[in-house]
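Please look over the chain and its fold before reading on.

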Amino acid sequence: MNSISPSWEAMYADEKFSWFWPPAYEPESDPAELASILSLLDAQPGARILDLACGRGWLTIPLALRGFQVTGLDLSAALLNRAKQAAGQAGTTIEWVRGDMRHLPGTWRDYFDFVTFTLSEFGCFSDQSENQQVLNEVARVLKGDGRFLLDIVVNRDGLVNQGNTINYLEGNGFFVVQEWSLDLLTGIHKRIFRWYDQGQLQETQWQIQTYTPPEVKQMFEQAGFQVLGAYSSLSGKALSRDSEGMTFLAQKMRIG
Ligand SMILES: C[S@@+](CC[C@H](N)C(=O)[O-])C[C@H]1O[C@@H](n2cnc3c(N)ncnc32)[C@H](O)[C@@H]1O
């Protein structure tokens with residue numbers, strides 16, 4: 001896969017990197033965040049929703065439990081299998097599709113009322129046109145006036161304000177030191193993770209092309225969207241210069 005960080009997809013599928021993830025799937029693992037997502041979407045019962053890069057189904061399953069017609073798409077077969085298992089336990093009906101966000105199925109033209117893309121590494125492709133292609137594809141599969149909730153884990157403005165940092169992630173059985181840096185010229189944000197596993201120092205890297213909010217707005221417009229709102233996160237709080245990530249609600253413009 002032509003992403004900036006070739007190893008990250010494997011990292012997500014590997015159980016030992018579960019520290020990247022929000023808590024293991026539970027239908028209401030973060031009720032406040034879920035309530036905020038539902039409020040931002042303002043979707044009517046029965047609406048057709050695509051959860052793009054759905055991973056383990058953190059959002060896909062609660063959406064289905066609320067009566068929406070939900071499709072979850074992800075590139076990782078391992079993560080889709082975990083999502084399917086969790087959906088089965090929750091007793092939901094979801095269409096699961098293994099696919100690439102840059103080339104969504106051709107039959108989906110003007111098909112969905114909403115697309116969600118949460119905790120996204122939007123900017124993960126080293127070729128800028130492929131990041132734009134993701135927005136173009138979402139526009140293609142949405143109906144006219146359909147809405148796209150795009151939540152991006154990084155915001156270049158926030159990273160500039162924060163400066164390069166060394167911090168750590170700690171949890172049940174892990175302690176990982178993270179070194180964050182931002183190349184001010186290219187906007188590439190790099191994270192180096194180091195941890196000990198049975199006495200051996202391990203290291204892995206993750207990197208992403210970062211954007212400022214106006215740059216994302218411009219990319220949305222190029223794909224045929226208008227941006228309805230920009231927030232600091234899925235909480236729906238206002239975007240600020242310190243926001244580590246950024247969340248956008250955009251609407252596909254009708255042609256003609
Ligand atoms: C950080 S996870 C976000 C998962 C989920 N949206 C959530 O909120 O928990 C990123 C996801 O993107 C998926 N992914 C990476 N590249 C992809 C691609 N080209 N097409 C579709 N999914 C992809 C990964 O497999 C992973 O599930």
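Predicted model: local features only at pLDDT ≥ 70, side-chain atom pairs only at ≥ 80, totals over all residues.

Two residues are in contact if their C-beta atoms, placed from the backbone, lie within 7 Å. By that criterion, and leaving aside neighbours within four places in sequence, S233 is in contact with G245 and T247.

S233 lies in the loop between strand 10 (225–231) and strand 11 (246–252). Is S233 buried or exposed? S233 counts as buried because 20 other C-beta atoms lie within 10 Å, and the cut-off for a buried residue is 20 or more. The C-alpha atoms of S233 and V153 are separated by 8.3 Å, although the two residues are 80 apart along the chain.

## The protein as a whole

The secondary structure of the protein comes to seven helices and eleven strands. Of the 256 residues in the protein, 35% are buried. When contacts between residues at least 6 apart in sequence are considered, 64% of them join residues at least 24 apart.

The predictor's confidence, given as pLDDT, averages 89 over the protein, and 88% of the residues score at least 70. Over residues 1–6, however, pLDDT stays under 50, and for this stretch the model has 21 contacts beyond four places in sequence.

## The nonpolar core

The largest nonpolar core has 54 residues, and those with the most contacts inside it are I49, L52, V115, V138, F148, L150 and F220. This core draws at least three residues from each of two domains, namely domain 1 (8–155 + 211–252) and domain 2 (157–208).

## Around the ligand

There are 17 residues around the ligand, and those that come nearest are A53, G55, S76, T118 and L119. The elements that give two or more residues to this shell are helix 1 (8–13) and strand 4 (112–120). By residue type, the shell around the ligand divides into nine nonpolar, three polar and five charged residues.

A53, one of the residues that come nearest to the ligand, has its place in the loop between strand 1 (48–52) and helix 3 (60–65). Although A53 is not a glycine, it has a positive phi of about 50°. A53 is classed as buried because 23 other C-beta atoms lie within 10 Å.

## Two further loop residues

A positive phi also occurs at D110, a residue other than glycine, where the value is near 50°. D110 lies in the loop between strand 3 (95–98) and strand 4. Because D110 has 11 C-beta neighbours inside 10 Å, it counts as exposed, the cut-off for that class being 12 or fewer.

Terms used:
Residues numbered from 1 in each chain as written. Core = buried A, V, L, I, M, F, W, Y, C linked by C-beta atoms within 7 Å. Domains from an automatic or database assignment. pLDDT = per-residue confidence, 0-100. Near = placed C-beta within 6 Å. Helix = DSSP H or I, 4+ residues; strand = E, 2+ residues; numbered from the N terminus. Nonpolar A, V, L, I, M, F, W, Y, C, P; charged D, E, K, R; others polar.
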